[in-house]
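Take a look at the model below.

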Amino acid sequence: MLRGMDDIPSDDECAWTRRARAGDRPAFDELVRRHQGRLRAWLAVRVADAAAVDDLAQDAFVIAYGRLDVFDPTCPFYPWLRGIALNVLRNHRRKAAAQPIAEDRLHRLLDEADERRPDDDEEADPDALARLRACIERLPDGAGELVRAHYFRGLALGELADARGRTAGAMAMLLLRARRWLRTCLERGAAA
Amino acid sequence: MSDDPRIERALRLKAAVDAGDATDDERRALEHDAAGDGAIADALAGDRAVDRLLRYAAAAAPAASFSAVVAARIDAEADAPRFLRGVRRRLPPRRGVIARRVAALAAALLVVATVAWWHARGAPAGFAIADASADALVDAAPAAIGARIVDGATIACGAGRLVLRHDDGTRLTLAAARAVVTTSSASIALRLEEGAVIADVPRRPPGADLRIATPHGEAVVLGTRFRISVGMTTALAVEEGVVRLVDAASGRAADVGAGGTATIGEAAALERLRGEALAWYDFADGGGAIAHDRGGRGLRLDLALSDPAAATWLPGGGLRLDRSTLLATPGPAPTLVAACARSDALTVVADVTTVADNADDPADSYPKRIVCLGPPTADATHCFSLGQGLFLGDRGVFDLRLRTDATSDDRPSIATAAAHALPARRLVIAAVRAADGACRLVVDGRTVATRRVDEPTGPASRRLSPAADSQRLPGALAAWSAGSRLAVAGDHGRSTRGWLGVLHRVALFDRALSDDELRALTDVER
């Protein structure tokens, strides 16, 4: 029977990892709950196919569960989990390489640049995320809606184009302008 | 965008690459420019950085079902090898390899001995509980690990999960499920009422199928790994092997192979929703001047067409409105009004094909009414109206106006933030109002961003709220007039508000439909 978890302090991650390593499933479920957002976000910036993000994150957690016996519970859990996710991501890229869209050399070069910096998680800076949200709120009407629809509600360029009677290229250009505006907004915020 | 024509050109090429429109020459040109020009490289890197930050922010919010799916997948991954892995996990980390092998061998021998003993005593094949969450019940009693499942047992997992292991190696992980298990010496059958099952099934001998029945049909398994889930419909995803899926309604069967998915039960879902609709028009009348109400509540709110010459009944269903006209109930609809007043909730669904230019008069007389309820006079305030376009505003948005006891008329309203109605296309628009006042608009099964429209002293004073998935229109629906009549594609007293396009289906409910139900209404026949 799955056990209760009330006897572990919520801020004691070492206790969760020790219990998970000892085979305590609710403790591992708690680790999933704690780290899923950050891991999914980390993958989301490295995978072009948004639909694959959850699958890859699940793969990483399932593999981590199976390898808990080699995890050193005195070390933080998330970097170890992210290392597993990086391997999952590499395998995914190898499989995706057979698809024409991933053969684009520019994307591949950018992906390879990511792999050279596997420890980067710079987007996790809560200040950067707060500044981003503030800048999105200040985007001109149409651009703000476009950014929210594409990034936060997952509408593809083609869907956005259909809804607005425009081409996917026009939508990509509008998004590019919006990102350029956001970049300026973020830089000004950082300077201030 | 940029004063530098080189950067402007590079960004245009980047947009073409993002959209998948770039030619090989354009891709090569962009690569060349990015490699040889620092300013262009910087512009592309900056764009990439903001793109990454946006994707990070969007994915960082916890996903509600993620943890449950990971838990179910871990259960499903664990089979015989899990037992050995479990032994290994209990060993100290750096104990010798020999000790692990001895422990694994002992464990394997224990399994073999247990199975041999079981068969020797002639016990019938069946399921035992391999794992269970605290809220899982078998025949209304808490599930006990190791307990055998008797024939016909009823399983209720609550929000948790239950793992069953069959003596033949079959492993079923039930998540948030209600099910009945039937086993015999030759076959296994599971009746899944709701929830999901992840099945891992060894190859089975001829005639010893594993069958999983759902309210919509049946999956027949020969030896494979798959997921099957039941909501408004039954969805199947096969990871390995082949599963035969049988649609109970039509009797049709299809084999779904590895990597394939299939859904059955759309017709049943539609029928279930029709059964509880206050009004349901499928415009399948084929001719005449009446659109019959086929809602299951029996209100018989048939709509009379004021100008039959302005409309064309389409073969196979649908009514095309070429000129402004009105479909309306000849008399009041007090039962509909009372039902909504009781629940304080409402869903209006319109499956329509819009037209490029819905204005058949020179005046800016928007919104055009797709569905509205109100007294039959020109100056009366609607109880609600689902319309297209805003007066002196965007003609491609959808707009929900709703009168409550907190307002003096049917404003403020909410409108979609994007022009979903244009260009012309078929779509399913749903306006949903929950009892707590939360209102949203759903287009093709997806909640779209809306703005609240406030006009304190008329359209010139219009204020739009920031876009959000839901807007509040508070108050109770008790203020609705019992003399109100239902109208489609027009307004009782205003001939300029006639909506043009094709009506495929219009339905009204006195509750807020769920996302699953709205998707079912969108997917059916689409």
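Asp139(B) counts as exposed because it has 12 C-beta neighbours inside 10 Å (buried means 20 or more other C-beta atoms within 10 Å, exposed 12 or fewer, partly exposed in between, with C-beta atoms placed from the backbone). This is a predicted model, in which local features need pLDDT of at least 70 and side-chain atom pairs pLDDT 80 or more, while totals for chains, interfaces and linings use all residues. Residues are numbered from 1 along each chain as its sequence is written, with chains lettered from A and ligands numbered from 1 in the order in which they are written.

Asp139(B) sits in the loop between β2 (137–138) and β3 (141–142) of chain B (strands are DSSP E runs of at least two residues, helices H or I runs of at least four, numbered from the N terminus). Its phi is positive, about 50°, although Asp139(B) is not a glycine. Most residues other than glycine have a negative phi.

Ala489(B) also has a positive phi, near 65°. Its loop runs between β32 (485–488) and β33 (501–509) of chain B. Is Ala489(B) buried or exposed? Ala489(B) is buried, because 31 C-beta neighbours lie inside 10 Å.

Now the chain contact. Chain B gives 58 residues and chain A gives 53 (contact means C-beta atoms, placed from the backbone, within 7 Å). On the side of chain B that touches chain A, α3(B) supplies the largest share, 13 residues.

Conventions. Contact = placed C-beta atoms within 7 Å.
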